[in-house]
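Student: I am new to this structure. Can you show me how to read it?
Tutor: Take a look, then ask away.

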Amino acid sequence: MEKRDIMGLTAVELGRKIKAGELTATQAVEASLEAISAREEAVKSFLAVDAAGALKRAGEVQARIDAGELTGPLAGVPMAVKDNMCTRGLLTTCASKILYNYIPTYTAEAVKRLEEAGAVLIGKTNMDEFAMGSTTETSAFGATKNPWNTGHVPGGSSGGSCAAVAAEEVPFALGSDTGGSIRQPSAFCGVTGIKPTYGTVSRYGLIAYGSSLDQIGPVARDVTDCAVILETIACHDEKDSTSLKREDTRFSRGLVDDVQGMRIGIPRDYLGEGLDPEVRAAVLSAAGVLKDKGAVLEEFDLGLTQYAIPAYYVAACAEASSNLARFDGVKYGYRAPEYEGLHHMYKKSRSQGFGAEVKRRIMLGSFVLSSGYYDAYYLKALRVKALIKQAFDKAFERFDVILGPAAPTTAPRLGESLANPLQMYLGDIYTVSVNLAGLPGISLPCGLSSQGLPIGLQMIGDCFREQTIIRAAYSFEQTRQYLHSPLAGEEERS
């Protein structure tokens, strides 16, 4: 096979060919490295590429495949990891100057489980600094570009992972989702991403933003890949106190083309003011496809949608102000070169090491936790969070799946969102509630805009109902053909 054809395969297809002996893990890694070399200048999705380590690892994996030790679907398949997940011996920066030289001594549990399954780590992907942003423009090391149109953002904060998959530099990647950071960039980049039920995937080794909201999940080309990857990384982990013991982690069982009788609710709150007409039309068209396949559709009032953004940003920033207090210039990372005394060193190191968006959220979080404002803001946000969970519980008494857009628009142009941070925050309107309620959600492509930019469809399930949303997404996916982004060389294949 030609190398560009290798990278046009899904992760499961590639793993199947390696297992069958049609190509080797080394050839797959070489194809990935070649694609990165050809496309990185345009897309800038990676912060670190470990070519030598990946080739060495590929040889070891291939030997184990040949010996019959590795038989799983991801053995020999190249992968990328968002740069807020620790990787032993490989630079991990959270796209921040304050961690510019941090090399962990351990590997995140989710990454470790993929490596044990035979996946080969290629490198670390760009992101919004400390996962704070919706465009991958707040990175201290430069913005990632959207492979569909490099004048537009890929979304964020997992924009590097989504862009790497869309540009076909790797078959799959890991991202993290605090308020939509897997689902929104997946929508913007025309790929598929899953945010699982909170606690399904270990957060051990994930550098925290909002600990009660963060969750690791897969980004890939299709629903099948995402289900198989999620099945691999889901586990109970004693090293993570929020990790769940689940017996129902065979997510690939949801890969069934059957929505007959499935009850799907469409919140009217998600279709109102602020939603781009093209996005609305594409989402409703996708709903019509599911209806034609036997699903029962109904519009309903979810409620509390307008309170999700303020509740999310108060809670997330409060947790961030606490979590990021550890980056002080003492133990690791950036330290200001000149200072007078310990407290001055703290101030200068943090002031010089953090970017503007991170500082904004730390200050907002410190404010809502401060004396006199804790009750007025933080406790009120927690009460709203509980009410949002109750609203979803009530909705799931009637519906199996809630369907809507992943984002109100297609990918904005570079620079537009940073000029108006409040507008960037409002762009998370359809995703943050899922994190506040700890629910699973999936985003997958459902069309292209008149500008040729992908439109994402979001499906939300009740807690522990990943198989249900996977079944709905897989059934819809069977009605469309995967579109390769221009940067991935669709013209070369045709």
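Predicted model: local features only at pLDDT ≥ 70, side-chain atom pairs only at ≥ 80, totals over all residues.

Student: Why does the radius of gyration agree with a compact globule?
Tutor: Compare the value with what the chain length predicts. For 494 residues, a compact globule would have a radius of gyration near 23 Å. The protein has 21 Å, so the two agree. Its C-alpha atoms fill a box of roughly 65 × 55 × 45 Å along the principal axes.

Student: Which secondary structure elements make up the protein?
Tutor: Count helices and strands. There are 17 helices and eleven strands.

Student: What share of contacts joins residues at least 24 apart?
Tutor: Take contacts between residues at least 6 apart in sequence. Of these, 76% join residues at least 24 apart.

Student: How many charged side chains are there, positive and negative?
Tutor: The protein has 51 positive and 58 negative ones. The centres of the two sets lie 5 Å apart.

Student: Where does helix α3 bend?
Tutor: Follow the helix axis. Helix α3 spans residues 25-43 and bends by about 40° at S37. Its buried residues include L33, I36, R39 and E40. Just after α3, K44 takes a positive phi of about 55°.

Methods
Residues numbered from 1 in each chain as written. Heavy atoms only, no water. Helix = DSSP H or I, 4+ residues; strand = E, 2+ residues; numbered from the N terminus. Rg over C-alpha atoms; globule rule 2.2 N^0.38 Å. Contact = heavy atoms within 4.5 Å. Lys, Arg positive; Asp, Glu negative; His and termini not counted. Charge placed at Lys NZ, Arg CZ, Asp CG, Glu CD. Bend = angle between axes of the 7 residues up to and from the residue. Buried < 20%, exposed > 50% of the residue type's maximum accessible area, 1.4 Å probe, protein only.
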